[in-house]
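Keep the model open and follow along.

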Amino acid sequence: MTSATELPGRPRAGAIGGPATARATCVLAPNPSAMTLDGTNTWIVAEPDSDLAVVIDPGPLDDTHLQAVISTAEAAGKRVALTLLTHGHPDHYDGAARFAELTGTRVRALDPALRLGGEGLGIGDVVTTGGLELHVLSTPGHTADSLCFHLPADRALFTGDTVLGRGTTVVAHPEGRLGDYLDSLRRLRALAVEEDIRTILPGHGPVLDDARGAIDFYLVHRAKRLAQVETAVENGYRSAAEVVAHVYADVDRSLWPAAELSVRAQLEYLGEHGLIP
């Protein structure tokens, strides 16, 4: 049997939710599924000595969850002052407008359509609230608008759906593109080395205590899948559905529709690089 410490990224054992670093606390949304794993991780981030907090990804439109996020912040002596989005998928974003109403906060995102209250997020921005410092990183691939947030003080990285706490990420074709995703992973890997990032705080699944190991696993996994898809096409499997049935035969069939999105992205990538007809 493989222990948690031997799994990619060294996922933390135990229940998901609660304090994860000195500055980050997770509130798990009640929306578990094959795609969202245990549910969406909503993150409350604040300096220990500040009364202001930032919330990353308020999650689904579920008043009980949104109130739990506010109550968790208040129990720690914090007031939610700002909401940030890693990307616009419904399980991360749908509760944002209601959460903004409950807290009186702005919602900042890369995609202008997701912003509430004016100011958005730009690549290279540094969010400073209550002394907190969050660096905005461009990480397209899962979606075109995907962002990660670097928390230097905790040597941590909020990854949304770019890196998950368990399993691997769907490249959500056609918006998601494999070339972009691979470039994003390589940039995160370089940053993890340069900034000595230790911890990944994902949008789903447990906290990972080996950031570099997790990203390396993702890069290797993508390379293997790409080779499998290329070989499948060479062996006569042409459509995305055919490739999925062949390459993902050992994967739960309920995940095949999501796998087909990634396969479409892989086929597009292989075609663009002249590796398949």
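A pocket here is an open set of grid points with protein on both sides within 12 Å along at least five of seven lines, and its lining residues have an atom within 4 Å of a point. Bear in mind that this is a predicted model.

With that in hand, look at the largest pocket, which has a volume of about 630 Å³. Its lining runs to 27 residues, and those nearest the centre are Met 35, Thr 168, Thr 169, Val 170 and Ala 258. Sorted by class, the lining of the largest pocket holds 13 nonpolar, nine polar and five charged residues.

Now find the second largest pocket, with about 250 Å³ of space. It is lined by 17 residues, and Leu 7, Pro 11, Gly 165, Arg 166 and Gly 167 sit nearest its centre. This lining splits into 11 nonpolar, four polar and two charged residues.

Back to helix 7, then, and to its packing partners. Two packed helices are described by the angle between their axes and the distance between the axes. Take helix 6 (residues 240-247) to begin with: its axis comes within 9 Å of that of helix 7 (residues 256-272), and the two cross at roughly 115 degrees. Angles of 65 to 115 degrees count as roughly perpendicular, so helix 6 and helix 7 are roughly perpendicular to each other. The crossing is right-handed. On the helix 6 side, the contact uses Ala 240, Ala 241, Val 243, Val 244 and Ala 245, and these meet Trp 256, Ala 259, Glu 260, Val 263, Arg 264 and Leu 267 of helix 7. That contact between helix 6 and helix 7 counts nine nonpolar residues, no polar ones and two charged.

Next comes helix 4 (residues 178-194), whose axis passes within 8 Å of that of helix 7 at a crossing angle of roughly 95 degrees. Helix 4 and helix 7 are therefore roughly perpendicular as well. Here Leu 178, Gly 179 and Leu 182 of helix 4 meet Ala 265, Gln 266 and Tyr 269 of helix 7. The residues in this contact of helix 4 with helix 7 are four nonpolar, two polar and no charged.

What about helix 5? The axes of helix 5 and helix 7 come within 10 Å and cross at roughly 75 degrees, which makes helix 5 roughly perpendicular to helix 7. From helix 5, the contact draws on Arg 222, Arg 225, Leu 226, Val 229, Glu 230 and Val 233, while helix 7 brings Ser 262, Gln 266, Leu 267, Tyr 269 and Leu 270. By class, the contact of helix 5 with helix 7 has six nonpolar, two polar and three charged residues. Notice that Gln 266 of helix 7 turns up in the contact with helix 4 and also in the one with helix 5.

Finally, a couple of backbone details. Most residues other than glycine have a negative phi, and most peptide bonds are trans. Where is the cis peptide bond? It joins His 173 and Pro 174, with omega about 10 degrees, and Pro 174 belongs to the loop between strand 10 (156-160) and helix 4. Leu 37 has a positive phi, near 60 degrees, despite being a residue other than glycine. You'll find Leu 37 in the loop between strand 2 (24-28) and strand 3 (41-45).

Notes:
Residues numbered from 1 in each chain as written. Predicted model: local features only at pLDDT ≥ 70, side-chain atom pairs only at ≥ 80, totals over all residues. Heavy atoms only, no water. Axes fitted to C-alpha atoms, helices over the stretch in contact; angles between N-to-C directions. Helix = DSSP H or I, 4+ residues; strand = E, 2+ residues; numbered from the N terminus. Parallel < 35°, antiparallel > 145°, perpendicular 65-115°, else oblique. Left-handed = near helix turned anticlockwise from the far one by under 90°. Contact = heavy atoms within 4.5 Å. Nonpolar A, V, L, I, M, F, W, Y, C, P; charged D, E, K, R; others polar. 1 Å grid on protein atoms, 1.4 Å probe; cavity = no way out; pocket = protein on both sides within 12 Å on 5 of 7 lines; lining within 4 Å. Points joined across faces, edges and corners; volume = space filled by probe spheres on them.
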